[in-house]
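Have a look at the sequence and structure here before reading on.

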Amino acid sequence: AETVAVMPFFAAGQGQGPSSRGLRSAYLNATLRSVRATDLDGYVSSSDNAGNLTIVCCVADWQQVCRKLLPALQGIKYRLTNDPEFKALFHPYRIDIVKVDVTDSLMKRYNILMIPMCLVFFQGKLLHWSNDLGSKDTFVAEMTQASTLAAKQVFLPTNFKFSPADNSLFKTFSKGSLSSF
């Protein structure tokens with residue numbers, strides 16, 4: 001049970017987890033790059049990210065739900081780096097995951113009413129969003145949808161703002177489904 005709580009990505013029945021102390025350490029050290037909110041536009045449009053779907057997870061360290069999500073995102077990053085079959089699900093795109101500490105201006109820009117909120121960018125443009133990455137199946141479905149949108153070059157409007165109904169992540173956490181990732 002402790003393994004599930006600390007490393008939800010390797011929950012029982014969800015694939016193989018690290019079997020040695022070294023692999024556990026590698027998983028826990030799969031840190032997410034932090035990007036400042038003021039640098040977000042430059043980061044997602046940089047040439048380094050040209051072929052990537054960039055997931056920007058808007059978080060606040062003080063917020064309990066964000067603290068629960070970050071280990072799951074570390075697990076995703078670890079698996080995208082070390083599991084060729086998992087990585088191949090999103091071919092031809094690479095997935096880059098970063099976190100950004102929310103600011104008032106970022107929350108106003110997208111009308112973010114609840115965090116964490118994950119924004120998916122491609123070629124510097126907002127492509128997709130999700131606030132429900134609580135399970136492996138949901139993550140795969142969301143990123144498959146984002147890959148399809150990227151291939152078709154279908155982006156959200158440049159003035160996109162969330163509606164109050166878009167902020168539903170709390171349901172996922174209250175059901176405890178994050179531990180199934």
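## Overall layout

How many helices and strands does the secondary structure of the protein come to? There are 8 helices and 5 strands, where helices (H or I, at least four residues) and strands (E, at least two) are DSSP runs numbered from the N terminus. Starting at the N terminus, the order of elements is α-α-β-α-β-α-α-β-α-β-β-α-α.

A word on the model: it is predicted, so local features need pLDDT of at least 70 and side-chain atom pairs count only at pLDDT 80 or more, while totals for chains, interfaces and linings use all residues. Residues are numbered from 1 along each chain as its sequence is written, and side-chain values use heavy atoms, with hydrogens and water left out.

## Burial and surface

Of the 181 residues of the protein, 47% count as buried; buried means under 20% relative accessible area, exposed over 50%, and partly exposed in between (1.4 Å probe, protein chains only). The accessible surface comes to about 9,400 Å², with 52% of it belonging to carbon and sulfur atoms. These areas come from the Shrake-Rupley method with a 1.4 Å probe, and for residues only the protein chains shown count as cover.

Contact means heavy atoms within 4.5 Å. Among contacts between residues at least 6 apart in sequence, 74% join residues at least 24 apart.

Leaving aside its neighbours within four places in sequence, Leu73 is in contact with Leu32, Cys57, Ile97 and Leu133.

## A buried serine

Ser130 lies in strand S5. Is Ser130 buried or exposed? Ser130 is buried, because its relative accessible area is 3%. Beyond its neighbours within four places in sequence, Ser130 is in contact with Met117, Cys118 and Glu142.

## The largest pocket

S3 provides the largest share of the lining of the largest pocket, 4 residues. By class, the lining has 4 nonpolar, 3 polar and 6 charged residues; Ala, Val, Leu, Ile, Met, Phe, Trp, Tyr, Cys and Pro count as nonpolar, Asp, Glu, Lys and Arg as charged, and the others, Gly among them, as polar.
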